[in-house]
Amino acid sequence: MVEWFSWVQIAVALFGGLIAIGMAVAKRGPNDVTVLGLALVELLLVVQLVLAIVAPLTGNPMLGNALEFITRLGGNAFF
């Protein structure tokens, strides 16, 4: 995993979550802002999946157990 990308993803997810909580407290339903925040988080997850697949193929060594990483990657991607 790319550490800086993980931190960006966490920050975007937290910001989107805070906006969604604010909309819920204001008793407003889902709108373009909340849906766009969710779509952005999903897009970042897909990019993270691609990075996790491409990084070992480009020569970056896996830290830890490779079988566990591949199993978790497959489980999270398909289920």
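**View 1. Gln-9 and its contacts in the predicted model.** Gln-9 sits in helix 1. Setting aside residues up to four places away in sequence, Gln-9 touches Val-41, Leu-44, Leu-45 and Gln-48. Contact here means heavy atoms within 4.5 Å. Gln-9 counts as buried, at 10% relative accessibility. Buried means under 20% relative accessible area, exposed means over 50%, and partly exposed lies in between, with a 1.4 Å probe and protein chains only. This is a predicted model, in which local features need pLDDT of at least 70 and side-chain atom pairs count only at pLDDT 80 or more, while totals for chains, interfaces and linings use all residues. Residues are numbered from 1 along each chain as its sequence is written, and side-chain values use heavy atoms, leaving out hydrogens and water.

**View 2. The overall fold.** The protein has three helices and zero strands. From the N terminus, the order is α-α-α. Helices (H or I, at least four residues) and strands (E, at least two) are DSSP runs, numbered from the N terminus. The radius of gyration is 16 Å, whereas a compact globule of 79 residues would have a value near 12 Å. That radius is taken over C-alpha atoms, and the globule rule is 2.2 Å times the number of residues to the power 0.38. The C-alpha trace spans about 50 × 25 × 20 Å along its principal axes. Of the 79 residues, 11% count as buried.

**View 3. A nonpolar patch on the surface.** Five names make up this patch: Val-46, Val-50, Ile-53, Val-54 and Leu-57. Together they have about 460 Å² of accessible area. Patches take residues with over 30% relative accessible area and no salt bridge; like charges are joined within 9 Å, and nonpolar side chains (Val, Leu, Ile, Met, Phe, Trp, Tyr) within 5 Å. A salt bridge is a side-chain nitrogen of Lys or Arg within 4 Å of a carboxyl oxygen of Asp or Glu. Val-54 belongs to helix 2, residues 32-57. Val-54 is partly exposed, at 40% relative accessibility. The accessible surface of the protein comes to about 6,400 Å², and 75% of it belongs to carbon and sulfur atoms. Accessible areas come from the Shrake-Rupley method with a 1.4 Å probe; for residues, only the protein chains shown count as cover.

**View 4. An aromatic pair.** The count comes to one aromatic pair. Trp-4 and Phe-5 form it, edge-to-face, at 5.9 Å centre to centre with 90 degrees between the planes. Rings of Phe, Tyr and Trp (its six-membered ring) pair if their centres lie within 6.5 Å; planes under 30 degrees apart are stacked, over 60 edge-to-face, and the rest tilted. Trp-4 is exposed, with a relative accessible area of 60%. Phe-5 is buried, at 10% relative accessibility.

**View 5. Lys-27 in a loop.** Lys-27 lies in the loop between helix 1 (3-25) and helix 2. Its phi is near 60 degrees, a positive value in a residue other than glycine. Lys-27 is exposed, at 76% relative accessibility.

**View 6. Gly-75 in helix 3.** Helix 3 (residues 66-78) holds Gly-75. Gly-75 is partly exposed, with a relative accessible area of 26%. Gly-75 and Ala-24 are 51 residues apart in sequence and 32 Å apart in space, C-alpha to C-alpha.
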